[in-house]
Amino acid sequence: MSTADRHSPARSATPAREPVAVRPGRDAPPEPLLEAEHLVVYFPVKAGLLIDRTVAHVHAVDDVSFQLREGETMGIVGESGCGKTTLVRTLIRLLEPTAGTIRFRGRDISHADRRELRAVRRQMQMVCGQRQRIGVARALAVQPSLILLDEPVSALDVSIQAQVINLLDDLQEGFGLSYVFVAHDLSVVRHVSDRIAVMYLGKLVEISPGEELYLKPIHPYTQALLAAIPIPDPNENRVRPRPVVKGEPPLTEYANGHLAACHHPRNVTLEDIASAQRSKLSPRTAGDELPGISQVAQGKADASGARGAGSDR
Ligand SMILES: Nc1ncnc2c1ncn2[C@@H]1O[C@H](COP(=O)(O)OP(=O)(O)OP(=O)(O)O)[C@@H](O)[C@H]1O
Ligand SMILES: [Mg+2]
């Protein structure tokens, strides 16, 4: 983050930082600090008067794969309910994944026990809620290498936002920290993120180096998110084009001819969901080796009922 950005995190013309450099052919690519591979988190939807029955699953995180490098800041954006909080809570294993793998410094922590998790959480901290500066100070007390920040500045006015973002930036420089930075909108993450992941209905639909996403958004949902960022000039704001999300993946067929773009498939049976034509988008990160959508993971999750999903630790 440059000095020029420090007082206007919400909107400035200064480009975001360069991504962490890897010299192909000379350096072996550094092992990612944190890695999610085909991560799936389903929450059971219960119904029934006397006995709770699982009638469906909320696909809160749906086959998410990405890698976070040492010293990198990854922004995660997307509208309310798209699964951002569920994703970060699962990454730090406050939630158990339904399927998929989480690796921290190369070690599989997807099903780590309490003792292992204690060690991991000394290096990986999560900060959420209103009092962000206090939260960050507390998180730093254990000298972590990664901090997951869930909406760190969303509730703050612009000048306080700038202070918190400056603080995070200084800490990153001083301690070589990595961040996962969750926000509703793209304007906030622009100046802090090396890369930005756009989440939509539980899936990552686009991952891009920070500034590239603003210059060349590819997915229609990213284009719609960008169009939602207000422009200070009201005249320009009024006349600019606002793309609406069309095509895939907004609509999912839950039953014959019954389409819905929602996260809460109420009144829909498990069979309906099993037959749903879900989006086959496979997010790719520049430089990352990511396999495609795992049918196996999805099959396991559907068959598992409430197994593990949503169990807070
Ligand atoms: N414990 C739970 N049980 C059932 N459903 C849940 C649970 N937690 C989250 N969900 C559902 O999972 C989906 C993703 O929720 P999540 O809180 O991760 O979204 P979010 O992107 O963080 O939203 P926001 O921007 O509002 O914070 C939502 O549909 C939400 O209602
Ligand atoms: Mg959230």
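1. A quick definition before the ligand: helices here are DSSP runs of H or I with at least four residues, numbered from the N terminus. With that in hand, α1 is the element that gives the largest share of the shell around ligand 1, namely three residues. Keep in mind throughout that this is a predicted model.

2. Now the rest of that shell. Ligand 1 is surrounded by 15 residues, and the closest are Phe43, Ala60, Ser80, Thr85 and Thr86. Two elements, β2 (53–68) and α1 (84–91), each give two or more residues to it.

3. What is the make-up of the shell around ligand 1 by class? It has 10 polar residues, four nonpolar ones and one charged one.

4. On domains, both take part: domain 1 (1–22 + 32–210) and domain 2 (216–313) each supply at least three residues to the shell around ligand 1.

5. The crossing of the two helices is right-handed.

6. As for who touches whom, α3 brings Gln132, Arg133, Val136 and Leu140, while α4 brings Val164, Leu167, Leu168 and Leu171. Sorted by class, the α3–α4 contact has six nonpolar residues, one polar and one charged.

How values were computed: Residues are numbered from 1 along each chain as its sequence is written. Chains are lettered from A and ligands numbered from 1 in the order in which they are written. This is a predicted model: local features need pLDDT of at least 70, side-chain atom pairs count only at pLDDT 80 or more; totals for chains, interfaces and linings use all residues. A residue is near a molecule or strand if its C-beta atom, placed from the backbone, lies within 6 Å of it. Ala, Val, Leu, Ile, Met, Phe, Trp, Tyr, Cys and Pro count as nonpolar, Asp, Glu, Lys and Arg as charged, and the others, Gly among them, as polar. Domain bounds come from an automatic or database domain assignment. A crossing is left-handed if the near helix is turned anticlockwise from the far one by less than a right angle, and right-handed if clockwise. Two residues are in contact if their C-beta atoms, placed from the backbone, lie within 7 Å.
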